[in-house]
Amino acid sequence: MSGQYVTPVVVMKDGERIVEEPAPTAAGEGTPRFLEAGEGGLVVEFGDAIDPDVNRRVVALDRALSMARPRGVVETVPTYRSLLVVFDPLVLARRDLRTAVEDLLAHHVGEAEPSRLWRVPVCYGGEHGVDLVDVAARHGLTPEEVVGLHAGAEYRVYMIGFNPGFVYLGGLPERLRTSRRPDPRLRIPPRSVSIGGIQAGLCPPFEMPSGWHLIGQTPVRTFDPARGEEPMLFRPGDRIRFHPVAPADYDDLARAADAGHVVAEREDDDG
Amino acid sequence: MADTLAVVDGGLLTTVQDLGRWGYQNAGVSPAGAMDRDRLGIANALVGNDPAEAALEITLSGPALDVAADACRLALAGDFAVTVNDRPVPAWTAIDLCRGDRVRVLAARTGLRGYLAVAGGFALPPTLGSLSTHVRTATGGADGRALAAGDVLPLRAARPAGPRLALDPPPPAPERKRTVRVMAGPQGAFFPAAGWETFLGTDWVVSPRSDRMGCRLDGPAIEHADGFNIVSDGIVEGSIQVPGSGLPIVLLVDRQSTGGYAKIATVIGADLGAFAQARPGDIVRFERVDDETAVQARREARDAFERTLRRIAPLRDTGPPDVDALFAANLAGGAVSATADPFD
C-alpha cells in the first residue's frame, strides 16, 4: 500500500519551480495524489505499481463518482493505479471536483467491492494459440502443463485499455511469466488469449496489434458495440477463471456469441 | 430514391467526423472526432446544421463528389480551392448544388484540414452514439475508413434552405511558427531541470510522421530522470508523451485511451487547434502556464468562437446588374417641379 508522497519539485536555472502538486492536505497512509492533466483533467493516483489493493481503490472511486454524476464530468478512465476524470472546467471548477472526490473517498473507503466471477471458455493451442508450444518450451513445461497452470488460476480485471475491449488481467501464475515478444505483430487473430510479461490478456473480437504471446482463443466477445449502453462485458474488479474447450465446441460457442449470446457464465451475480 | 453524394475521388484522407465518441474511453475506445472543432462548427453553421453534426474532414487534398439529389447545400470551412463543375466557388460560403453537379475540393493553400458540411448531415448509422471515424480500429463513419472512389454517402433530407450564408472575412491563416501553452504534468517531475530546459527552450519541428493520433516533434532528446516507463494510465487530448527516444509526441483525437510513457505536460484546450492545422516543417515552441490561466484561455477561446459564428451572415448578392429590370423600375418616380417650393 502506498504511503505519503514526497512533493516532487523541479527547479529551473532561472529559479522557476515546476511543482508536481501541492502536498496532500491530510496526512496518513494511502492518501491519493491529485495531478493535473490539462485544465480539463484530474488524475487521482493511489499508487505507482500494479497492486490489487491499489486497483480496488481506483474501482471504488470510479463506481462512486459514476453514481454521483457531478455535472461537468465528461467521463472517467479507471486504470491500474489511478482514475482519470475528464471534465469541463467552464462548468465544474477543479476545486469543486476535488472536494467532491475527497468527500466520496471519505465515505466510501473500505466498502467491499461487489464482485463478479466469470467462467470463460478458451480453446488452447493449435491454430487457436500459435505461441502455446513456444511458451511451454521456454519454461520447460509441456503445453498441457501450461494450460493447466493458466486455467487453474483466478484472475482480476485491472483495466480495459490500449484497444477497444482489450482486458488487462492480473494473477498470472509466476511460472508462466513470459517477456513480451521483441517484434510485436501488427495484427493478431481476434479473441486471442495472451500472456505479456507478468500480465495476462483477453482480446476483443477484431484484429489488433500485440507483442504478447498467444496461447488460445475465447469465443466470448469482450467488446461489442451492438450491446448498446454496455458494450464492454467485463469491468475492472471482475474475477475470471478460464476453462478449456475443444475446437468444435469453440466454433459452436463463437457462433452463439456472434448471434448475441453471452457465452461466459457468471457465478456471482450481483448485477 | 434516397439522396446521396457519390465519391469520385476520396482525396488524400477524408473521413466522416463529428465532435467525437465520448464515454467509452474506459472500454478502450478512442474518442476520435474532428481535429479542428471550430472549423467543424463554422461549416455546420454555414449550412444551418446543428453544431455537432458530422461533416467530412478533409486533409491537404480533398475529394471529388457527385450530387445525386435534387438539391444539395454544402459549405467548406477551410482555406482550400473549391470547384463546382470545374468552375471556382468560394470557401467559407454555402453553395447550392443540383443533381449531376460535381464538387471538387483541391489543395489546401494554408493549414492542413478543412470541413465539408452538407445541410441535413449524413444518414449513416452511429456507433456508440457518434459518427466519428477511427480508422485504426475501423470504427464508425462510412465503413470505418477514409473515403474511396465508388463510395456512396447517404444524405438526410434537409429542410428548405433560406438565404445562402457566408463567413466574410474568413478566419486568419494559421501561423507557421507558434507558441503553444501547456500545463506541467501529470508526470512533470519525471523530468529533471535539464529536461524542462530542453522542452521549453527548443523550436520543435513538426514531423511528417504526424497524424490524427499524434503530432510528432523533431529536435533534441529531452532528458528523463526516472526512465520513460510508467504503469499505464489515462491520456487526455493534448498530453505530451516522451518515449525512450526523448522526442515529444502531442497525443490527439485518435490516441489510445491508456499508455505507459511518461507525460511531461499537457497542451491547454485553447491551443489544441494549432495541431489540427500544423504542417510538417512548422515550428512549435512551448510555454508553461498554470491551471487558472488555462481555464481563462479556454473561456476566451469559446467566446471568440461564438463571436465568429455571429459574423456568419447572408451572402450579399454581387451578381451582374439586370439592365432590363433597371429600366422597368420607375426609379425616377416622384419627381416634382423644379421651380415649385418643395415644402408645399
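Two strands pair if DSSP finds at least two bridges between them. Strands (E, at least two residues) and helices (H or I, at least four) are DSSP runs, numbered from the N terminus. This is a predicted model: local features need pLDDT of at least 70, side-chain atom pairs count only at pLDDT 80 or more, and totals for chains, interfaces and linings use all residues. Residues are numbered from 1 along each chain as its sequence is written, and chains are lettered from A in the order in which they are written.

**Exercise 1. Strand E12 of chain A**

Task: Find the strands that pair with E12(A), and say which way its residues point.

Solution: 
- Step 1. Locate the strand. E12(A) covers residues 199-202.
- Step 2. Take strand E9(A), residues 167-170. E9(A) runs antiparallel to E12(A), and three bridges join them. Leu169(A) stands opposite Ala200(A).
- Step 3. Take strand E11(A), residues 192-196. E11(A) also pairs with E12(A) in the antiparallel sense, over four bridges. Here Ser194(A) has Gly201(A) as its bridge partner.
- Step 4. Check the turn. Two residues lie between the strands in the hairpin of E11(A) and E12(A), and Gly197(A) has a positive phi near 65 degrees.
- Step 5. Assign the faces. In a regular strand the side chains alternate between the two faces of the sheet. Gln199(A) and Gly201(A) point one way, Ala200(A) and Leu202(A) the other. All four are buried (under 20% relative accessible area, with exposed over 50% and partly exposed in between; 1.4 Å probe, protein chains only).

**Exercise 2. A histidine in a loop**

Task: Is His128(A) buried or exposed, and which residues does His128(A) touch?

Solution: 
- Step 1. His128(A) sits in the loop between strand E7 (117-124) and helix H3 (132-138) of chain A.
- Step 2. Apply the cut-off. His128(A) has 10% relative accessibility, so the residue counts as buried.
- Step 3. List contacts (heavy atoms within 4.5 Å). Leaving out residues up to four places away in sequence, His128(A) touches Cys123(A), Ile215(A), Gly216(A), Gln217(A), Pro247(A) and Tyr250(A).
- Step 4. Of the 271 residues of chain A, 53% count as buried.

**Exercise 3. The interface of chains A and B**

Task: Describe the contact between chain B and chain A by residues, area and salt bridges.

Solution: 
- Step 1. Count residues. Chain B gives 46 and chain A gives 49.
- Step 2. Take the buried area (accessible area, 1.4 Å probe, that two parts lose on being put together, summed over both). The value is about 3,800 Å², with 60% from carbon and sulfur atoms. Asn26(B), Val231(B) and Arg298(B) supply 15% of what chain B buries, more than any other three residues.
- Step 3. Find salt bridges (a Lys or Arg side-chain nitrogen within 4 Å of an Asp or Glu carboxyl oxygen). The rule finds three across the interface. Arg298(B) forms one with Asp88(A), the closest N and O atoms being 3.8 Å apart.
- Step 4. H4(B) gives the most to the side of chain B that touches chain A, with six residues.

Note on methods:
Side-chain values use heavy atoms; hydrogens and water are left out.
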